[in-house]
Amino acid sequence: MVEFDSGPTDLDLLTAALRADGSDNDTFFQVLAEKLCSALGDRVSLSREGGFRKREHPVRSITVDLGEVTLEATKDKGRIACIARKSVRGIVLRTDQLDFDAWLAALASALAEEAKRSATTRAALESLLT
């Protein structure tokens, strides 16, 4: 198993691992959603396209809640819109729109910071790298 130490090299490795399937944005978005849900559990919320048997429909948005940082990516007509929210005690102090690569980097950085405080998140990061 790869051990994650949250240094710059590991952040690059994590970002590359998250982006590894990125040749097709639609497929990559679905794979990323599943990887994040598997690794982070209830800290990730997925919104799927509507309809009967909704669970079988493609993921429309991914929200990762890491306490003070919430990251959301929404796929719409082949385009991915991303935002990052910084909050303190439930009050949103800042909202930034990001491109998808910047969102992935912000996600990797937020996960690395969280891993310093949480053994569960650290294990989740290690599972994303293997």
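This report describes the sheet, the helices packed on it, the nonpolar core and the aromatic pairs of a predicted model.

Residues are numbered from 1 along each chain as its sequence is written, and side-chain values use heavy atoms, with hydrogens and water left out. Because the model is predicted, local features need pLDDT of at least 70 and side-chain atom pairs count only at pLDDT 80 or more, while totals for chains, interfaces and linings use all residues.

**The sheet**

Five strands form an open sheet in the order β1-β2-β3-β4-β5, with antiparallel pairing. Helices (H or I, at least four residues) and strands (E, at least two) are DSSP runs numbered from the N terminus, and two strands pair if DSSP finds at least two bridges between them. At the edges are β1 (44–48) and β5 (91–98), each of which pairs on one side only. On average, neighbouring strands of this sheet are turned by 15° against each other, direction ignored. Axes are lines fitted to C-alpha atoms, for helices over the stretch in contact, and angles run from 0 to 180 degrees between N-to-C directions.

| Strand pair | Bridges | Facing residues |
|---|---|---|
| β2 (residues 59–65) and β3 (residues 69–76) | Five bridges | D65 and T70 |
| β3 and β4 | Eight bridges | E72 and I83 |
| β4 and β5 | Seven bridges | S87 and V92 |

Two of these pairs are hairpins. β3 and β4 have two residues between them, and K77 in that turn has a positive phi of about 55°. β4 and β5 likewise form a hairpin with two residues between them, where R89 has a positive phi of about 50°. Most residues other than glycine have a negative phi. R89 is found in the loop between β4 and β5 and is exposed, with a relative accessible area of 81%. Here exposed means over 50% relative accessible area, buried under 20% and partly exposed in between (1.4 Å probe, protein chains only).

**Helices on the sheet**

Helix α2 (residues 25–40) lies across β1, β2, β3 and β4 (79–88), running at about 35° to β2. Helix α3 (residues 100–117) packs on the sheet and touches β2, β3, β4 and β5; its direction makes about 150° with that of β3. The axes of α2 and α3 come within 14 Å and cross at roughly 10°. The two helices α2 and α3 are therefore roughly parallel to each other, a class for angles under 35 degrees, with over 145 counted as roughly antiparallel, 65 to 115 as roughly perpendicular and the rest as oblique. In α2, F28, F29, L32, L36 and L40 meet F100, W103, L104, L107 and L111 of α3. Contact means heavy atoms within 4.5 Å.

**The nonpolar core**

A nonpolar core is a set of buried Ala, Val, Leu, Ile, Met, Phe, Trp, Tyr and Cys residues joined through side-chain atoms within 4.5 Å. The largest has 24 residues, of which L32, L36, L40, I62, V64, F100 and W103 touch the most other members. At least two residues of this core come from each of α2, β2, β3, β4 and α3. The largest share, seven residues, is supplied by α2.

I62 has contacts to several elements. Apart from neighbours within four places in sequence, the contacts of I62 include F29, L32, A33 and L36, as well as V44, L46, L71, A73 and W103.

**Aromatic pairs**

The structure holds three aromatic pairs. Rings of Phe, Tyr and Trp (its six-membered ring) pair if their centres lie within 6.5 Å; planes under 30 degrees apart count as stacked, over 60 as edge-to-face and the rest as tilted.

The rings of F28 and F100 have centres 5.6 Å apart and planes at 75°, so this pair is edge-to-face. F28 lies in helix α2 and F100 in helix α3, so the pair ties together parts that are 72 residues apart in sequence. F28 is buried at a relative accessible area of 1%, and F100 is buried at 8%.

F29 and F100 form a tilted pair, at 6.5 Å centre to centre with 45° between the planes. This pair also links distant parts of the chain, with F29 in helix α2 and F100 in helix α3, 71 residues apart. Both F29 and F100 are buried. Through ring pairs, F28, F29, F100 and W103 are linked into a cluster.
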